[in-house]
Number of protein chains: 6
Amino acid sequence: MVYLTRVEHFNAAHRLYNPSWSYEKNEAVFGKCANENWHGHNYELHVTIRGEVDEDTGFLFDAKKLSMLIEEHVLELLDHKNLNMDVPFLEGKMCSTENLAKGIWNQLEPHIPGHVALHCIKLYETPRIFVEYYGEQ
Amino acid sequence: MVYLTRVEHFNAAHRLYNPSWSYEKNEAVFGKCANENWHGHNYELHVTIRGEVDEDTGFLFDAKKLSMLIEEHVLELLDHKNLNMDVPFLEGKMCSTENLAKGIWNQLEPHIPGHVALHCIKLYETPRIFVEYYGEQ
Amino acid sequence: MVYLTRVEHFNAAHRLYNPSWSYEKNEAVFGKCANENWHGHNYELHVTIRGEVDEDTGFLFDAKKLSMLIEEHVLELLDHKNLNMDVPFLEGKMCSTENLAKGIWNQLEPHIPGHVALHCIKLYETPRIFVEYYGEQ
Amino acid sequence: MVYLTRVEHFNAAHRLYNPSWSYEKNEAVFGKCANENWHGHNYELHVTIRGEVDEDTGFLFDAKKLSMLIEEHVLELLDHKNLNMDVPFLEGKMCSTENLAKGIWNQLEPHIPGHVALHCIKLYETPRIFVEYYGEQ
Amino acid sequence: MVYLTRVEHFNAAHRLYNPSWSYEKNEAVFGKCANENWHGHNYELHVTIRGEVDEDTGFLFDAKKLSMLIEEHVLELLDHKNLNMDVPFLEGKMCSTENLAKGIWNQLEPHIPGHVALHCIKLYETPRIFVEYYGEQ
Amino acid sequence: MVYLTRVEHFNAAHRLYNPSWSYEKNEAVFGKCANENWHGHNYELHVTIRGEVDEDTGFLFDAKKLSMLIEEHVLELLDHKNLNMDVPFLEGKMCSTENLAKGIWNQLEPHIPGHVALHCIKLYETPRIFVEYYGEQ
């Protein structure tokens, strides 16, 4: 059993704003993160899968193919997007790093081939704040 | 003569879009950077000053005071903002990293004390793209 | 269940010296780390908490509040200090990174709100040496 | 129970090539990684051990001694080597990062002193691809 | 006048060996870098250009186009290659980082559009060793 | 003409304190950096030399020999030391990063071989504060 991680990046705009709250409550809770004109981040995404090593290739899974899966099912939906406006899987949810990490898991998990398992989505919002999600309910 | 650099960060949304061009031309030139719903970045800012070392303090300039000058005259205007909509000194200009670096120079330079000189504004848009401006016309 | 990590820094002096040993034995075991005039480090601290995401905010816990808790209960006691002389919670203990990580856990854990749990203290002494503590006895 | 990690580096050449396959199949599966004239990497190696802290030293294990163990039993065999040609413990195996991480575990584990346990071998092939191995069969 | 830098990566094998010297002299001068079975590196390449900002785009030069120029004229020739065997522009030269940086300058410079100038090739052989070349004879 | 940089590290304790001032003035100017019990840093040192490439070796200068020169003439004097108490070349000077960078230049410059020139000492006190000195009076 080994774990393989691929690191990717995307840039996006977002805003922390709960539409069921008043503007004032949003300001009080989210501060400048609630700015109605948005702000944004360079997100760094670590996708970790686990499983057995294939003897013929020495691979758990081809890192280039993993990158292509992430590109197709995650980055296409998020890179250079507005997380609040452009991303179907975040609709109706707060655009926090926590929810984004869980959403990325749900997007990617069905496309991971059966002989490996998705293990962790680690998402840096800034170099000093990051979230990890292991698919635990 | 020594050079002192202070590194700071800010997060902002922006969009590359020339309003005097058609939507199609903007798409052709700027691609997904033209997304009308914005995207954003964690900008990393390096401010370098130069001058003589003060014998009593051993300082060119107190790095904490330099940080406070950057906070007051630059980060206050840029952090968690929309560069196209919220930043007076970028009004009427393309919100590129090049123009942002030059704008930061112009904001900061008048507030640098006389015994030191502003030497360089270095601005990372992503970990793989950065701009340097030395005040050269 | 998600995990949220906040990265902080502090600078401190310390020395590895067991007062119940001879000077020679300290030299033999700790080498230049035993220097009687101290040396120091830029410590990088990763604090990880875990729990459920709040639906209204999208947060496990507000990263800014986590930063303030760390500032108040950890950094205030350690930043720009001498770990051997200035830090009550290390009194009578060797000032190793291992003991420092455990001490930081004990300082911070009582102040973590009940709906989340402290998960890990990760502490870099240098970019190439770090310790993790999960509260395991 | 604490975990201590030491980070080391080595540079090596390698090639992904299964000699029981045709040249064409190797090209199809491994692409430019199959280049018959080799390519190479700066590998970054994280070795993590776990155990109890010694009260007299404050150490789980002396990080300098851990570094010397890694130097002697791992880096001596890998640094500035050709992984396919020069490394006995990889003979007959594909020179993937997965197999390299497992091989490093097997080289190092017998030399870890009894009061601590080897916990994880983490190996970066590039800054964006890394493998972790915990000794799990 | 601004400076724009694009960071790229490539992996390659190489060996330091002067064929006009004896094996023993090569060993004495280059040590393990002379290993006849090669070793390799993850090279990090910074390409800096300078010039005036275009008012319509806000760009010195489109960073994506710069990346494509580097890909076509540099990375295609170097990535996953053996620097001693596969690279025409290094033929007859020692495969040092110094010569590699100069060779990259010579490859790239003719393809830089006339309104900007190539300013610097900065090349990391490891995170702790790098070379800069400004085209100075 | 090329430039070669070697990156090294050292750990040291220090304190910012001007003995010709009152305790109160020191507190006012240097704040917690004046702590009488010291604090410390992991300093990162970049030494850059410049000159012509030797045709036989492809080297400006052997990076390993440069590392040994830095080890002998700089790190031996600074690593795991108290900058205020243990370092002859800082005696009578404020232990600022500015003065430390200048002192390192003066220590190293006489030992750089004649066919190359010392170009720059770059010294990080923290990841966000660094000083550069080019030998300019």
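Reader: In strand 2 of chain B, which residue is the bridge partner of V7(B)?

Author: H46(B) is the bridge partner of V7(B) in strand 2 of chain B. Keep in mind that this is a predicted model. To read a pairing, start from one such residue pair and then ask how far it extends and in which sense. Strand 1 of chain B and strand 2, residues 39–51 of chain B, are joined by 13 bridges and run antiparallel.

Reader: Which other strands pair with strand 1 of chain B, and in which sense?

Author: Strand 5 of chain F, residues 129–133, pairs with strand 1 of chain B in the antiparallel sense over five bridges. In that pairing V2(B) has Y133(F) as its bridge partner. Strand 3 of chain B, residues 81–82, also pairs with strand 1 of chain B, but in the parallel sense and over two bridges. There the partner of A12(B) is K81(B).

Reader: How many residues of strand 1 of chain B are buried?

Author: Buried means under 20% relative accessible area. By that cut-off, twelve of the 13 residues of strand 1 of chain B, residues 2–14, are buried, so the strand is largely enclosed by the rest of the structure.

Reader: What about a residue in a loop: is N18(B) buried or exposed?

Author: N18(B) sits in the loop between strand 1 and helix 1, residues 23–30, of chain B. With a relative accessible area of 6%, N18(B) is buried. Next, look at the surroundings. Setting aside neighbours within four places in sequence, N18(B) is in contact with N26(B), F30(B), M94(B) and D56(E). The side chain of N18(B) also makes a polar contact of 2.7 Å with the side chain of S20(B).

Reader: How do I read E136(D) in the same way? Is it buried or partly exposed?

Author: E136(D) is partly exposed, at 32% relative accessible area. Its place is the segment after strand 5, residues 129–133, of chain D. Apart from neighbours within four places in sequence, the contacts of E136(D) are M1(A) and Y3(A). With Y3(A) there is a polar contact between the two side chains, at 3.2 Å. Within chain D, E136(D) and K102(D) are 34 residues apart in sequence, and their C-alpha atoms are 9.8 Å apart in space.

Reader: Turning to interfaces, how is the size of one usually given?

Author: The accessible area lost when the parts come together is often used for the size of an interface. For chain B and chain A, the buried area is about 1700 Å², with 49% of it from carbon and sulfur atoms. On the side of chain B, N37(B), N42(B) and H80(B) lose the most area to chain A, together 35% of what that side buries. As for contacts, 21 residues of chain B and 21 residues of chain A take part.

Reader: How many salt bridges and polar contacts does the rule find between chain B and chain A?

Author: The rule finds two salt bridges across this interface. In one of them, D79(A) meets K32(B), with the closest N and O atoms 2.6 Å apart. Of the elements of chain B, strand 2 gives the most to the side that touches chain A, with four residues. That side has six nonpolar, ten polar and five charged residues.

Reader: What does the interface of chain C and chain D bury?

Author: About 1700 Å² is buried between chain C and chain D, and carbon and sulfur atoms give 54% of it. E98(C), R128(C) and F130(C) supply 35% of the area that chain C buries against chain D, more than any other three residues. The contact involves 20 residues of chain C and 20 residues of chain D. The rule finds one salt bridge here, and the side chains of R128(C) and E8(D) meet in a salt bridge at 3.7 Å, N to O. It also finds nine residue pairs in polar contact, both at pLDDT 80 or more. Strand 5 of chain C gives the largest share of the side that touches chain D, five residues. By class, that side divides into eleven nonpolar, four polar and five charged residues.

Reader: How does strand 5 of chain C pair with strand 1 of chain D?

Author: The two strands pair in the antiparallel sense over five bridges.

Reader: Which chains do not touch?

Author: Chain B and chain C do not touch, and their nearest C-alpha atoms are 14 Å apart. No contact joins chain D and chain F either, with the closest C-alpha atoms 14 Å apart.

How values were computed. Residues are numbered from 1 along each chain as its sequence is written. Chains are lettered from A and ligands numbered from 1 in the order in which they are written. This is a predicted model: local features need pLDDT of at least 70, side-chain atom pairs count only at pLDDT 80 or more; totals for chains, interfaces and linings use all residues. Side-chain values use heavy atoms; hydrogens and water are left out. Contact means heavy atoms within 4.5 Å. Buried area is the accessible area (1.4 Å probe) that two parts lose on being put together, summed over both. A salt bridge is a side-chain nitrogen of Lys or Arg within 4 Å of a carboxyl oxygen of Asp or Glu. A polar contact is a pair of N or O atoms within 3.5 Å; within protein, one must be able to donate a hydrogen and the other to accept it, and residues adjacent in sequence count only if both atoms are side-chain atoms. Ala, Val, Leu, Ile, Met, Phe, Trp, Tyr, Cys and Pro count as nonpolar, Asp, Glu, Lys and Arg as charged, and the others, Gly among them, as polar. Two strands pair if DSSP finds at least two bridges between them. Buried means under 20% relative accessible area, exposed over 50%, partly exposed in between (1.4 Å probe, protein chains only).
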